[in-house]
Amino acid sequence: MAHFQPYPWHDAAWQRLTDLQSRQRLPHALVLSGPAGTGKTALAESLAALLFCAAPKDNKPCGGCKGCLLWKADTHPDCHRLTPLTDEKTGKTSKVIKVDQVRSLLGFLSKSAQLGGWRIAMIEPADTLNVNAANSLLKTLEEPGERTLILLLTDQPLALLPTIRSRCQTVPLGVPERAQAVSWLASRLETPEQAGLLLSLSQGAPLAGLALAKQEVFRQREDLAKRLLAVATGRSGALSASTASQKLPAQDFWFWLYGFCADIHLMSSQVQGAIKNTDLLPIIRQLADALGGRRALELQALCVENQRLLTANIQAGLLQDRFWEQTRG
Ligand SMILES: [Zn+2]
């Protein structure tokens, strides 16, 4: 379902946009630019919902009018979305928005609004407009017509043609403040202690952090830490650890292990505050006891070396075997 409300960290931008709207000063073309996974779409959709609502109250859509109901059902006829197309046969999504798609948008904008209100175009990601597509949009960006809003969403504003950027007003959206993002994310996780780590891994983007938490590789991280402990304490052999780890993508395997070794070293040096894998503290502590700081550093260096060898096409399995053997000591 399309959004009705922006995320809380977009409060200031929302205020600014709704202010402009209430003074009837909303520009007709806006670039919403901000990192991926921070909720730009929600902000754009909330603005559209507000404009489509026949009876908004305190800058909130009423939720019950015809415009709101159509918006809720994702079937509002006066909203036109432009995104790279997915081929039905191959399932592959194009890397670009093509000129034909812009032409159909221009067709949409040449007709009056079916509900008699706003017409809204959303282009996302706007940086995928190819040169022809972007050029055919220029004139319309200048004069899209009455009660028309064109929203361009991008996490790479510099990839937009300067001619596009100069015709739009840009709303820069950064990542939320860390404390706010951590508490938002923590309230949505099965393991709230992972919020800080997920946020760091996602460069501060809360929605990206939430998506990462759902990924299988992230869930396998804890198993990997336990395996490391089993080998380090002699409860498991190098060979069985190696076999059990084969399923993890090699890049993730070395990335997670590198992080564990860094944390083990911090734990041994009594610098707990800087530890990243805070949800795994008991395991990290036992690992620090079993390995000690110096061996953790040696293993960390081995992770770096192996990541390098991996890109040089050395067989991933061999590198893993060697790592487990060294952990076993
Ligand atoms: Zn409404």
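## Helix H13

In this predicted model, helix H13 buries Ile284, Leu287, Ala288, Leu291, Ala296, Leu299, Cys303 and Asn306. The cover over these buried residues includes three helices: H10 (216-232), H12 (250-268) and H14 (316-328).

H13 runs over residues 281-311, which makes 31 residues, yet its end C-alpha atoms are only 31 Å apart. A straight helix would reach 45 Å at 1.5 Å a residue. H13 has a bend of about 90° at Gly292. Just after the helix, Asn313 has a positive phi of about 70°.

## Domains

Three domains divide the chain: domain 1 covers 8-174, domain 2 covers 179-213 and domain 3 covers 216-328. Taken over C-alpha atoms, the centres of domain 1 and domain 3 are separated by 45 Å.

## Nonpolar cores

The largest nonpolar core is made up of 43 residues. Leu32, Ile120, Met122, Ile123, Leu151 and Leu152 are the residues with the most contacts inside this core. Helix H2 (residues 40-52) gives the most to the core, contributing eight residues. For Ile120, the contacts beyond its neighbours within four places in sequence are Ala48, Leu51, Asp78, Cys79, Leu149 and Leu151.

Technical notes: Residues are numbered from 1 along each chain as its sequence is written. This is a predicted model: local features need pLDDT of at least 70, side-chain atom pairs count only at pLDDT 80 or more; totals for chains, interfaces and linings use all residues. A nonpolar core is a set of buried Ala, Val, Leu, Ile, Met, Phe, Trp, Tyr and Cys residues joined through C-beta atoms within 7 Å. A residue is buried if 20 or more other C-beta atoms lie within 10 Å of its own, exposed if 12 or fewer, and partly exposed in between; C-beta atoms are placed from the backbone. Helices (H or I, at least four residues) and strands (E, at least two) are DSSP runs, numbered from the N terminus. Two residues are in contact if their C-beta atoms, placed from the backbone, lie within 7 Å. Domain bounds come from an automatic or database domain assignment. The expected span of a helix is 1.5 Å times one less than its number of residues. The bend at a residue is the angle between axes fitted to the seven residues ending there and the seven starting there.
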